There are 2 protein chains.
Amino acid sequence: MNETGRFIGVGVGPGDPELLTLKAVRLIRTADVICYLANRAGESQARHIARDALAESDKQQQYVPLLMPMSEDRTMANQVYDSATVEISTALTMGKSVVFLCEGDPLFFGSFAYMLERLNPERVGGHSICEVVPGISSVNAASAALQKPLTVLTESFSVVSGRHSLEQLTATLCNSDSVVIMKAGLSRPKILSALRQTDRINDAAYLEYIGRDNQRIETDVGQLADTAGPYFSLFVVTRSNRNTT
Amino acid sequence: MNETGRFIGVGVGPGDPELLTLKAVRLIRTADVICYLANRAGESQARHIARDALAESDKQQQYVPLLMPMSEDRTMANQVYDSATVEISTALTMGKSVVFLCEGDPLFFGSFAYMLERLNPERVGGHSICEVVPGISSVNAASAALQKPLTVLTESFSVVSGRHSLEQLTATLCNSDSVVIMKAGLSRPKILSALRQTDRINDAAYLEYIGRDNQRIETDVGQLADTAGPYFSLFVVTRSNRNTT
């Protein structure tokens, strides 16, 4: 082939393989190259969520795992993104379609942004060779599991992450009616402290591994241990006395 | 049938029929009763988005449109929800499965919350008869269309709507790095004013009818007329000078 291929970020949702969109399934089945983040042992949540769609492909697909170091140091992660960019660019030049599997939604608190910024400048005839297919984010999956609206009427709504400081967390909990706190794993003690300081511990629910076999929902957040939890966990904070009429 | 049926809110995404999830398609195909909001002429965006899945059903499905009055007065809308609740309860008692089609995600700025609060108290053996299937929200669809991450690293992120006051809009635009402003239609003049007052007009992009044939993306928001736009429109505001490393 002499044409230039396409680089497509595909959201695979929070964990349930049935929460892939029809578009995600079609693009995963027909891709020439499948990329995904993996740990040093080669295990990948995104690939696991997409397993049914991958199994249905009748193509000889090339897998490109991005083996991520367990480190807070961005230097090593950037090296992984840089070297994947070289490999993906080569495939694109050969006219191949490259799908990057993303947990949840590709552009919502994910790593796909780092790949997009490296590959998006490559334009053919003024057109981007990149495409993004949105996915179900854990924010929406969490409110569905809780059967609780994120906002009603003119409530305010913010999303923060465990990476934010205690001050940022308490300010957001004071200023917003509804708050989702993503990436709660390592930061659970800090988050619990912010919820207690702002007297919102009774407004909060805690969720782990939404839509997977080991899903856990804790609506009595005061019972949670003040220790780190798993990476795939979040808090949903909503006013307990809501006026919906 | 003698068992109690299930009431399922199903998100159908922002407009592209291919952005339905596999789970949404399965539940729509197999439902006994299909509910959706419609205007006085019987037209329904949610039903239109789900048209392929509905056409594939081999069941004799009963359609229950909720004909919504064009009015800011909540009284008439509440009457529509109340009378639909009676009809749906009857179907559930007969053991039927009832799917409520929701644009975007059922619990994110939608009307499904009003049905859920009416039907959720009905519990069988302590278990809710309600279920919620998340959908792609217009927030995620918008960032995908723009190919722009909603947040990078520790940026803060808020979602507000055109229903908020000018003061709430300007406060949020000052305090949050990224802001999505939903339901921008009638409130466009107020929103443009808030963007100018906070000097964030150049951080903003405007989108209409995402994923539909008449999709419009305006990245030069200063060009927008100071008049009302269509209901299905929103603004995405992100810092123009982002540090992603």
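This is a predicted model: local features need pLDDT of at least 70, side-chain atom pairs count only at pLDDT 80 or more; totals for chains, interfaces and linings use all residues.
# A working chat on the structure

Visitor: Is D199(B) buried or exposed?

Guide: D199(B) counts as exposed because it has 10 C-beta neighbours inside 10 Å. Residues are numbered from 1 along each chain as its sequence is written, while chains are lettered from A and ligands numbered from 1 in the order in which they are written.

Visitor: Where is the place of D199(B)?

Guide: D199(B) lies in the loop between α8 and β10 (204–208) of chain B. Helices (H or I, at least four residues) and strands (E, at least two) are DSSP runs, numbered from the N terminus. The phi of D199(B) is positive, about 60°, although the residue is not a glycine. In chain A, D199(A) follows α8(A) and has a positive phi near 60°.

Visitor: And what is phi of K183(B)?

Guide: It is near 45°, a positive value in a residue other than glycine. K183(B) sits in the loop between β9 (178–182) and α8 (188–197) of chain B. With 18 C-beta neighbours inside 10 Å, K183(B) counts as partly exposed.

Visitor: On to the core. How many residues has the largest nonpolar core?

Guide: The largest nonpolar core has 142 residues. Such a core is a set of buried Ala, Val, Leu, Ile, Met, Phe, Trp, Tyr and Cys residues joined through C-beta atoms within 7 Å. The residues with the most contacts inside it are V10(A), C35(A), V99(A), L101(A), V10(B) and L101(B).

Visitor: What is V10(A) in contact with?

Guide: Leaving aside neighbours within four places in sequence, its contacts include A24(A), L27(A), I28(A), P106(A) and V133(A). Two residues are in contact if their C-beta atoms, placed from the backbone, lie within 7 Å.

Visitor: Why is strand β1 of chain A largely enclosed?

Guide: 5 of the 5 residues of β1(A) (residues 7–11) are buried, so the strand is largely enclosed by the rest of the structure. F7(A), G9(A) and G11(A) point one way, whereas I8(A) and V10(A) point the other way.

Visitor: Which strand do 4 bridges join to β1(A)?

Guide: That is β7 (residues 130–133) of chain A, and the two run parallel. Strands pair if DSSP finds at least two bridges between them. V10(A) has V133(A) as its bridge partner in β7(A). β1(A) also pairs in the parallel sense with β4 (residues 98–102) of chain A, over 5 bridges, and there V10(A) stands opposite L101(A).

Visitor: Now the two chains. How many residues of chain B are in contact with chain A?

Guide: 46 residues of chain B are in contact with 46 residues of chain A. Elements giving two or more residues to the side of chain B that touches chain A include α4 (74–93), α6 (138–146) and β8 (157–161) of chain B. That side divides into 24 nonpolar, 15 polar and 7 charged residues. Here Ala, Val, Leu, Ile, Met, Phe, Trp, Tyr, Cys and Pro count as nonpolar, Asp, Glu, Lys and Arg as charged, and the others, Gly among them, as polar.

Visitor: How many bridges join β8 of chain A to β8(B)?

Guide: 3 bridges join them, and the strands run antiparallel. F157(A) has V159(B) as its bridge partner in β8(B).

Visitor: Back to chain A. Which residues are buried in helix α7?

Guide: In α7(A) (residues 166–175), L169(A), T172(A) and L173(A) are buried. Seen down the axis, the buried residues fall within an arc of 100°, so they line one face of the helix. The arc is that of the directions from the helix axis to the C-beta atoms. What covers them includes β8, β9 (178–182), α8 (188–197) and β12 (233–237) of chain A.

Visitor: Last topic: how is chain A divided?

Guide: Chain A is divided into domain 1 (7–133) and domain 2 (138–237), with bounds from an automatic or database domain assignment. Their centres, taken over C-alpha atoms, are separated by 28 Å. 6 residues of domain 1 of chain A are in contact with 9 residues of domain 2 of chain A.

Key: A residue is buried if 20 or more other C-beta atoms lie within 10 Å of its own, exposed if 12 or fewer, and partly exposed in between; C-beta atoms are placed from the backbone.
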